[in-house]
Amino acid sequence: MTSSHAQFELEWMGGRPEALLRRRRPGIDELPWGTLSPEAFTPAALLEARKVWTNGAFTEYASAAAFTTIAGAFMECGAPIDLSAAAADFAVDELTHAELAARLLMELGGAVPYEVDLARLAPLSTAATPLGRAAELVLKVASVGEALSVPILAASLRAADQPLTRAVLDRLVRDEGPHARLGDWFLDWASERLTDADRRALAEVALDAIAVYAPLWQREPCDSCQPAAAFGGIPREVYRRTMLESVRHRIAAPLSRHGIVLDPVRLSALL
Ligand SMILES: [Fe+2]
Ligand SMILES: [Fe+2]
């Protein structure tokens with residue numbers, strides 16, 4: 001596969017594709033666009049907000065690719081069609097979130113330099129069977145990734161006071177709740193098809209995925225490098241506490257109900 005890094009940019013087509021998307025996801029143009037007042041903030045706060053929302057636009061876009069991959073993996077293992085449809089539908093949610101983040105970013109003054117390799121966007125799985133691939137992907141993306149982002153977005157929403165930031169975050173928070181449940185729903189269906197060895201392997205997958213995020217809460221608190229609440233920033237200590245609670249209650253506990261038990265020693269080393 002050839003690949004190359006380039007500045008992350010999003011394009012918009014308009015016309016029929018836009019009309020179809022708006023029919024499926026109405027209300028986007030009605031948000032209070034044009035109301036953000038960047039001049040009310042310090043240049044440093046504004047720059048930090050642009051960094052956060054540039055990264056946000058990219059992670060939403062990457063999530064869309066992830067749910068698209070999961071939808072395909074679900075179908076390849078014969079998962080229920082409504083479950084596969086939910087995964088595909090979540091991909092459209094995430095594309096809408098990427099649009100929202102990008103439009104908010106334009107009001108803040110545009111993206112910061114941000115190199116990406118779109119050829120490597122979709123998550124990979126090393127599992128040998130279609131069922132194993134679907135389980136691995138949905139655990140990494142939904143049971144871990146989405147479960148961690150939901151409470152952070154909710155905390156950002158509580159802290160935000162600009163109407164546009166609030167409206168964008170409110171939309172994200174409302175959509176993300178079901179995204180985080182997809183792993184649970186998949187395991188409701190797949191549980192009886194999984195062996196004990198599969199469960200042990202999936203527990204390692206989940207720990208590896210948590211380890212990828214761990215630097216977010218393990219790094220030192222930094223008071224000067226958090227964006228203003230108006231732009232969706234939250235205090236570092238609140239962020240840290242929220243993440244640790246999420247690992248225990250939103251990731252480890254639901255997985256253990258499906259017999260996927262995270263090794264307590266490895267888990268506490270990550271917290
Ligand atoms: Fe999203
Ligand atoms: Fe999501």
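**Views of a predicted helical model**

**Figure 1. Overall fold.** From the N terminus on, the elements of the protein run β-α-α-α-β-α-α-α-α-α-α. The secondary structure comes to nine helices and two strands, where helices (H or I, at least four residues) and strands (E, at least two) are DSSP runs numbered from the N terminus. The model is predicted: local features need pLDDT of at least 70, side-chain atom pairs count only at pLDDT 80 or more, and totals for chains, interfaces and linings use all residues. Residues are numbered from 1 along each chain as its sequence is written, and chains are lettered from A and ligands numbered from 1 in the order in which they are written. The C-alpha atoms fill a box of roughly 60 × 45 × 35 Å along the principal axes.

**Figure 2. Helix α8, residues 236–257.** Gly 259, with a positive phi near 80°, follows α8.

**Figure 3. The buried residues of α8.** These are Met 243, Ser 246, Val 247, Ile 251, Ala 252 and Leu 255. A residue is buried if 20 or more other C-beta atoms lie within 10 Å of its own, exposed if 12 or fewer, and partly exposed in between, with C-beta atoms placed from the backbone. They pack against α4 (130–159), α6 (196–213), α7 (215–218) and α9 (264–270).

**Figure 4. The largest nonpolar core.** Such a core is a set of buried Ala, Val, Leu, Ile, Met, Phe, Trp, Tyr and Cys residues joined through C-beta atoms within 7 Å. Of its 68 residues, Ile 70, Ala 134, Val 138 and Ala 206 touch the most other members. The largest share, 16 residues, comes from α4.

**Figure 5. Arg 120 in its loop.** Arg 120 lies between β2 (115–116) and α4. Arg 120 counts as partly exposed because it has 13 C-beta neighbours inside 10 Å. Its C-alpha atom is separated by 9.6 Å from that of Ala 62, 58 residues away along the chain.

Definitions and conventions
The expected span of a helix is 1.5 Å times one less than its number of residues. Two residues are in contact if their C-beta atoms, placed from the backbone, lie within 7 Å.
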